[in-house]
Amino acid sequence: MNDTGKTKKRRSKLTWVIGGMVGVLVLAAAVVVGGTYIYIHFIEGPAPKPLALPKVTTPKHSDTSPTSVASPTGTWQATSKSVVGYRVNEVLFGQNNVAVGRTNSVTGSITVDGTSVDTAAFTAQMANVHSDQSQRDNQFDGRIMDVASYPTATFTLTSPISLGKIPAVGATVHETATGNLMLHGQTHAVTFPVSAQYTGTAIDVNGSIPVTFADYGISNPSFAGTVTTDSHGTLEFLLIMDRSSGS
């Protein structure tokens, strides 16, 4: 075989080797993407639904007038059923996903005077916010939220909320709250819609606050080219409150 023939043979082998390597890489990528799809959609399952007010059964009355109760005037404390968390859209190896982390470590209270919510202040312990993924939680605790340096998130109402009238038992009231939100050691004024209901023995409040990470000096949650996220997320909450012992 002359040199030309040998050269062509070597080139042919090299072409097959390169082609084989490309095929392996494509197959590996397909396995990663396919495996990610299977994990997200079949193993991990859908993300928890956004927090919402619990259903309340309205008691029966002998008259036909709207169900009403005595004034909720007093102080109402957050119970261990309260929840605060985050919701962020992410892309994991090309697959859309929703990251959700939550905690029941919430304290605080509101004061109600007749038909006005005069004060409200709540604190959430950030180190106790957990998702369904330990790797995500490690990133959240470390480079993203740095919970060792900034262990709490707080909200303080800065303007009273007028309810107009004492709500009927189980009726949902929609109002707007304005206050200061502190995350990652930085505080900003926020205004957002809230929904609330008075059960006669409890006050439940539900809502969400849009959060742009850069506004609070929070590192974008995207990680090492494998996970990319929006530049913003949502802080969601459900506060279940009962009367404090002093009310």
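**Entry 1: Phe192**

I looked up Phe192 and found a relative accessibility of 3%, so Phe192 counts as buried. I am reading a predicted model here, and I keep that in mind throughout. Phe192 sits in strand 9, and its partner Phe237 in strand 12, so their pairing ties together parts that are 45 residues apart in sequence. I noted the geometry of Phe192 and Phe237 too: the pair is edge-to-face, with 5.9 Å centre to centre and 80° between the planes. I checked burial for both, and Phe192 and Phe237 are each buried.

**Entry 2: more rings**

How many aromatic pairs does a search of the whole structure find? I got four. In one of them, the rings of Phe155 and Phe192 have centres 5.5 Å apart and planes at 70°, so I wrote this pair down as edge-to-face. Phe155 belongs to strand 6 (residues 152–157) and Phe192 to strand 9 (residues 186–198), so this pair ties together parts that are 37 residues apart in sequence. At 13% relative accessibility, Phe155 counts as buried because the cut-off is under 20%.

I then picked Ile110 and set aside its neighbours within four places in sequence. What remains in contact with Ile110 is Gly74, Thr75, Trp76, Val117, Thr119, Ala120, Phe122, Ile203 and Met241.

**Entry 3: salt bridges**

Next I turned to charged side chains. Side chains of opposite charge can pair when their charged atoms come close. My search of the whole structure gave four salt bridges.

One of them joins the side chains of Glu236 and Arg87, at 3.5 Å from N to O. This pair links distant parts of the chain: Glu236 is in strand 12 (residues 232–243) and Arg87 in strand 2 (residues 83–92), 149 residues apart. Are Glu236 and Arg87 buried or exposed? I found both Glu236 and Arg87 buried.

Another salt bridge brings together the side chains of Arg136 and Glu90, at 3.0 Å from N to O. Arg136 is part of helix 2 (residues 134–144) and Glu90 part of strand 2, so the pair ties together parts that are 46 residues apart in sequence. Both of these residues, Arg136 and Glu90, are buried.

**Entry 4: helix 2**

Arg136 made me curious about its helix. Which residues of helix 2 are buried? They are Arg136, Asp137, Phe140 and Ile144. They cover an arc of only 110° around the axis, so they lie on the same side of helix 2. On the face turned away from that buried side I found the exposed residues Ser134, Gln135 and Asn138. After helix 2 comes Asp146, and I noted its positive phi, near 45°.

**Entry 5: a loop residue**

I also looked at Phe93, which lies in the loop between strand 2 and strand 3 (95–103). Its relative accessible area is 38%, so Phe93 is partly exposed. The C-alpha atoms of Phe93 and Thr226 are separated by 5.6 Å, although these residues are 133 residues apart along the chain.

**Entry 6: stepping back**

Last, I looked at the whole protein. I counted two helices and twelve strands, and along the sequence they follow the pattern α-β-β-β-β-β-α-β-β-β-β-β-β-β. Of the 247 residues, 35% are buried. The protein exposes about 14,000 Å², and carbon and sulfur atoms supply 59% of this area. Among contacts with a separation of 6 or more, 68% come from residues 24 or more positions apart.

Definitions and conventions:
Residues are numbered from 1 along each chain as its sequence is written. Side-chain values use heavy atoms; hydrogens and water are left out. Helices (H or I, at least four residues) and strands (E, at least two) are DSSP runs, numbered from the N terminus. Buried means under 20% relative accessible area, exposed over 50%, partly exposed in between (1.4 Å probe, protein chains only). The arc is that of the directions from the helix axis to the C-beta atoms. Contact means heavy atoms within 4.5 Å. Rings of Phe, Tyr and Trp (its six-membered ring) pair if their centres lie within 6.5 Å; planes under 30 degrees apart count as stacked, over 60 as edge-to-face and the rest as tilted. Accessible areas come from the Shrake-Rupley method with a 1.4 Å probe; for residues, only the protein chains shown count as cover.
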